Amino acid sequence: MNIQDKIKGYLYVTLSATSFSIMVIIVKYLQETSIMPATQIAFFRFLVSFLILVSIIITTKKNIRPKSIRNVLERGFGNAIASITFFVVIAMISATKANLYNMTYPIFVAIIAHFYIKERLNIYSTISVIVGFAGVITIINPSSISSIAPSDFLGLTSGILAGYSVVALKKAR
């Protein structure tokens, strides 16, 4: 891989992270200033993404052939539910905390990949999962299990489903 490809990769990652942050801000704004429900916001988000993806496929003339349609559908379904859950959580709590919950997905990728596609958890991954869970508990800050708010459970659900979607995508390739 040459330096231009690396720079291009860094730029794409930065653009992706920036776009995701802007999306969170827009979703929070729409939910606070309109009567548009999270499901409708998610629909338009997916529609815009679909149109962008189709235009890229058409202009680059790429032929997409996944190994498994089932895994692509699993990924799509998991990602759709994760996004809708995430958008609902944004309406319930601060966008920052909702985003933190959604960004727990790497913890769940490691766990789900271990059981679903038999990836081995090495010592570093195991320590990372434990530290990650400690961070999640710090964010939730429960005094007891009954004090955990429904928004906390939904936030973690969005992270779990996003993690599942990543693993399903990896399996589909």
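This report describes the helices of a predicted model and a few residues within them.

**Overall make-up**

The chain contains 7 helices and 0 strands. Read from the N terminus, the order of elements is α-α-α-α-α-α-α. Along the principal axes, the C-alpha atoms occupy a box of roughly 55 × 45 × 35 Å. Of the 173 residues in the chain, 28% are buried. When contacts between residues at least 6 apart in sequence are considered, 81% of them link residues at least 24 apart.

**Helix 5 and its two partners**

Two packed helices are described by the angle between their axes and the distance between the axes.

| Pair | Angle between axes | Distance between axes | Crossing |
|---|---|---|---|
| Helix 5 and helix 7 | roughly 50° | within 8 Å | right-handed |
| Helix 5 and helix 6 | about 135° | 9 Å | left-handed |

Helix 5 covers residues 105–116 and helix 7 covers residues 150–172, and their axes cross at roughly 50°. That angle makes helix 5 oblique to helix 7. On the helix 5 side, the contact is formed by Tyr-105, Phe-108, Val-109, Ile-112, Ala-113 and Tyr-116. On the helix 7 side, the residues are Leu-156, Gly-159, Ile-160, Ala-162, Gly-163, Tyr-164, Val-166, Val-167 and Lys-171. Sorted by class, this contact of helix 5 with helix 7 holds 12 nonpolar, 2 polar and 1 charged residues.

The axes of helix 5 and helix 6 lie 9 Å apart, at an angle of about 135°. Helix 5 is therefore oblique to helix 6. Helix 5 contributes Ile-107, Phe-108, Ala-110 and Ile-111 to this contact, while helix 6 contributes Val-129, Gly-132, Phe-133 and Val-136. By class, the contact of helix 5 with helix 6 consists of 7 nonpolar residues, 1 polar residue and no charged residues. Phe-108 is listed in the contact with helix 7 and also in the contact with helix 6.

**Phe-133 in helix 6**

Phe-133 is part of helix 6. Leaving out residues up to four places away in sequence, Phe-133 touches Ile-107, Phe-108 and Ile-111. Phe-133 and Ile-107 are separated by 26 residues in sequence, yet their C-alpha atoms are 7.7 Å apart in space.

Lys-118 sits in the loop between helix 5 and helix 6, the latter being residues 123–140. Lys-118 is not a glycine, but its phi is positive, at about 60°. With a relative accessibility of 66%, Lys-118 counts as exposed, since that class begins over 50%.

**Asp-152 in helix 7**

Asp-152 belongs to helix 7. Its relative accessibility is 5%, so Asp-152 counts as buried; the limit for that class is under 20%. Which residues does Asp-152 contact, leaving aside its neighbours within four places in sequence? They are Lys-97, Tyr-101 and Ile-140. With Tyr-101 there is also a polar contact of 2.4 Å between the side chains of Asp-152 and Tyr-101.

Methods
Residues numbered from 1 in each chain as written. Predicted model: local features only at pLDDT ≥ 70, side-chain atom pairs only at ≥ 80, totals over all residues. Heavy atoms only, no water. Axes fitted to C-alpha atoms, helices over the stretch in contact; angles between N-to-C directions. Helix = DSSP H or I, 4+ residues; strand = E, 2+ residues; numbered from the N terminus. Parallel < 35°, antiparallel > 145°, perpendicular 65-115°, else oblique. Left-handed = near helix turned anticlockwise from the far one by under 90°. Contact = heavy atoms within 4.5 Å. Nonpolar A, V, L, I, M, F, W, Y, C, P; charged D, E, K, R; others polar. Buried < 20%, exposed > 50% of the residue type's maximum accessible area, 1.4 Å probe, protein only. Polar contact = N/O pair within 3.5 Å; in protein donor to acceptor, adjacent residues only side chain to side chain.
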